[in-house]
Amino acid sequence: NEDLLKVAVKNGPASLLNNVPDVVVVDDPAKADLVWDVTQATMEHVPGGRVAENVGQDTLHTVLSKWTTIKWLKTHARGLQAQFILRSGQQRYKRGDKISLSFKGAGLPFLTLFNLAPNGRVEFMLLDHETQKDWRSEKANWQFKLGKPPYGSEHLVAILTDQPLSDLHKRLKGMTTAASALPLRALISKTLEGREYEFAIQGIYTGEGN
């Protein structure tokens, strides 16, 4: 099933992933989307590098729920016109660095915008009036400063639809902890079922620096 996230386990038994929804275990790390190193407690993206730290059995589900959501969105992508531009450049950002982004090319009017932290927590990024306006003629620019851990990879997700998704926004605003964000993939797929939509996604890698 192309919707399933492929994960390889390093330095531990594959059975640790037995009860993780929307995940399939693969033996060959080169064929995986993610590699979980049990000893190092890290999650690595193939080929992107480290995306989460301190990944133990207690935090595994929340980290993977983020990535199953990203996998679902990429599998079901269609009509990708909208795009993020990372103006401050592809690098591994450290605390205090400024991150600058642009967004352009919306083909549908209404925007849902949220960030997925390395641990899976959701950060809803729009003010109320921004959820009601037509983004097709907008060129949006955002700048924010990287704060405290967890580090790894942030993912900014924009979903564009022909109607505002007020119910989804309410649910996303409530996903302020990693544990509360576990239903994210099911929520997104249910909300977008039968709708016309497009999305853009931007990974931002973060770390402590040298």
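Is Ser 100 buried or exposed? Select Ser 100 and have a look: this is a predicted model, and in it Ser 100 has a relative accessibility of 9%, so it counts as buried, the cut-off being under 20%. You'll find Ser 100 in strand β8, which covers residues 98-104.

Next, show what surrounds it. Leaving aside residues up to four places away in sequence, Ser 100 touches Ile 85, Leu 86, Arg 87, Ser 88, Trp 142 and Gln 143.

Keep Trp 142 selected, since the tour now turns to rings. The whole structure holds 5 aromatic pairs. One of them joins Phe 84 and Trp 142: the ring centres are 6.4 Å apart and the planes meet at 55 degrees, so this pair is tilted. It bridges distant parts of the chain, with Phe 84 in strand β6 (residues 83-86) and Trp 142 in strand β11 (residues 140-145), 58 residues apart. Colour by accessibility if you like: Phe 84 comes out at 8% and counts as buried, and Trp 142, at 18%, counts as buried too.

Phe 103 is buried, with a relative accessible area of 1%.

Last stop: bring in Trp 135. Ring pairs tie Phe 84, Phe 103, Trp 135 and Trp 142 into a cluster. Then select Lys 133, and you'll see it lying over the face of Trp 135, 4.5 Å from the ring centre.

Methods: Residues numbered from 1 in each chain as written. Predicted model: local features only at pLDDT ≥ 70, side-chain atom pairs only at ≥ 80, totals over all residues. Heavy atoms only, no water. Helix = DSSP H or I, 4+ residues; strand = E, 2+ residues; numbered from the N terminus. Buried < 20%, exposed > 50% of the residue type's maximum accessible area, 1.4 Å probe, protein only. Contact = heavy atoms within 4.5 Å. Phe/Tyr/Trp six-rings, centres within 6.5 Å; stacked < 30°, edge-to-face > 60°. Lys NZ or Arg CZ within 6 Å of the ring centre and 35° of its normal.
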